[in-house]
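Here's a quick briefing on the chain shown below.

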Amino acid sequence: MKITLNTITVKDLVDGYADNDEDGVVGYGGRLDIRPPYQREFCYKDAQQQAVMDTVTKGFPLNTMYWVVRDDGRFEVLDGQQRTISICRYVNGAFSHNMRYFTNLQDDEKENILNYPLQVYFCQGSASEKLDWFQTINIAGERLTDQEIRNAVFAGSWTADAKRYFSKSNCAAKLLSDKYVNGNPIRQELLETALSWFVGKDDKLIKKYMGQHQNDSNANELWVYFQFVIGWVKALFPTYRKEMKGIDWGLLYNKYHDNQYDPAQLEKEITELIDNDEVTNHKGIYYYLFDRKESHLSLREFDDKMKRKAYEKQKGICPICKKHFEFSEMEGDHIIPWSKGGKTTLENLQMLCRYDNNTKSNK
């Protein structure tokens, strides 16, 4: 990574400033992508913008910023986007500082701001070097998410198009899936979720995919996949319940979408499981319907009082191996398993030694 320190005045920075919403934010005579299309939205609150302008107007040093030098000779902000936009917004009259807009200032006050020197490092290097450096400097302020860092490193036409679908407050992906998927699209969490479903949760897999497709003209492959996932969910479970939000639907789709399911039968089973007092994790019902693992349901457990009564009744004897154990060496077991209709009651409780409890079949 080649890094050189440069001094950029506010006047140079705000030259050609434009906020084009979907097309990003530019400045520095149009040569600087302040917020490229793949980046997050401006998220500084008023107090943070005021703090930036306090620093500038008082002539105090503002934290160093970092720009990436692109192959075409243009620049993009690697670190310092929120501070940069705050300055540009103020000079362009978007907000006031100390009850005064930039246009209300005296000429000498304006000149002091416009001549304020910003310390900017120009950074040149490979994608991996930029990633390492980005993670190193991203230690303060509005800390970036992992996906925001990936977006900055693998900037290109693919990421710009992916943002169109996944990274706006009212983007198509959010409108389609808001009831089913967690994540703030502005912080790139919705995009990260879609990628983790499509290629896997491992950070290396997501980076590999973004690197391979960095210069693709569009992100249609990911967007079409995401629509298939949500469409599959809606078709299988036409009755919506709040527990359906936040489930890893993509992972379930990947594994089970070729199987045949009867939505009416699924709904009947969901209703029965919700009404079952033994089931304490209703969100887990949706995982259970596919892999039939009872652990998803967090079935009600025997409490210590019930287990102590059963232990005393058995006099500490395990009914399977006929050996005596201390209370702490035994575990509560359903005589009739839950899957066979057994309940978590004293009448259906027996204390088994740990070995026998772990090896007992579901009989």
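This is a predicted model: local features need pLDDT of at least 70, side-chain atom pairs count only at pLDDT 80 or more; totals for chains, interfaces and linings use all residues.

## Quick briefing

Residues are numbered from 1 along each chain as its sequence is written, and side-chain values use heavy atoms, with hydrogens and water left out.

**Salt bridges**

- The count comes to 21 salt bridges, taking a salt bridge as a side-chain nitrogen of Lys or Arg within 4 Å of a carboxyl oxygen of Asp or Glu.
- Back to Arg150: its side chain meets that of Glu192 in a salt bridge, 3.0 Å from N to O.
- Because Glu192 lies in helix H9 and Arg150 in helix H6 (residues 146-153), the pair ties together parts that are 42 residues apart in sequence; helices here are DSSP runs of H or I with at least four residues, strands are runs of E with at least two, and both are numbered from the N terminus.
- Salt bridges with shared partners join Asp33, Arg70, Asp72, Arg74 and Glu76 into one network.
- One of the salt bridges is between Asp72 and Arg70, at 3.3 Å from N to O, and Arg70 counts as partly exposed at 24% relative accessibility.
- Glu109 and Arg100 also form a salt bridge, with 2.8 Å from N to O; Glu109 is partly exposed at 27%, and Arg100 is partly exposed at 29%.

**Aromatic pairs and charges over rings**

- There are 28 aromatic pairs, where rings of Phe, Tyr and Trp (its six-membered ring) pair if their centres lie within 6.5 Å, and planes under 30 degrees apart count as stacked, over 60 as edge-to-face and the rest as tilted.
- Phe198 and Tyr209 are an edge-to-face pair, because their ring centres are 5.7 Å apart and their planes stand at 90 degrees.
- That pair links distant parts of the chain, with Phe198 in helix H9 (residues 189-199) and Tyr209 in helix H10 (residues 203-213), 11 residues apart.
- Phe198 is partly exposed at 27% relative accessibility, whereas Tyr209 is buried at 7%.
- Tyr311 and Phe327 are edge-to-face too, with ring centres 5.5 Å apart and planes at 80 degrees.
- Tyr311 belongs to helix H15 (residues 304-314) and Phe327 to the loop between H15 and strand S8 (330-334), so to speak a link between distant parts of the chain, 16 residues apart.
- Tyr311 counts as buried at 8% relative accessibility, and Phe327 as partly exposed at 21%.
- Phe327 also has the charged end of Arg308 over its ring, 4.2 Å from the centre; the rule asks for NZ of Lys or CZ of Arg within 6 Å of the ring centre and within 35 degrees of the ring normal.
- Lys179 lies over the face of Tyr240, 4.5 Å from the ring centre.
- Ring pairs also build a cluster, whose members include Trp158, Phe198, Tyr209, Trp249 and Phe290.

**Nonpolar cores**

- The largest nonpolar core has 47 residues, and Trp158, Phe166, Phe226, Phe237 and Trp249 touch the most other members; a nonpolar core is a set of buried Ala, Val, Leu, Ile, Met, Phe, Trp, Tyr and Cys residues joined through side-chain atoms within 4.5 Å.
- Several helices each supply at least two residues of this core, among them H7 (157-166), H9, H10 and H12 (249-256).
- H11 gives the largest share of this core, 9 residues.
- Trp158 touches residues including Leu191, Leu195, Tyr209 and Met210, leaving aside residues up to four places away in sequence (contact means heavy atoms within 4.5 Å).
- A second, separate core has 33 residues, including Val52, Leu62, Phe95 and Phe102.

**Sheet**

- The open sheet has 7 strands in the order S1-S7-S5-S6-S4-S3-S2, with mixed pairing; two strands pair if DSSP finds at least two bridges between them.
- S1 (2-9) and S2 (18-19) are the edge strands, each pairing on one side only.
- S3 (residues 25-27) and S4 (residues 32-35) run antiparallel and are joined by 3 bridges, with Arg35 in S4 as the bridge partner of Val25.

How values were computed
Buried means under 20% relative accessible area, exposed over 50%, partly exposed in between (1.4 Å probe, protein chains only).
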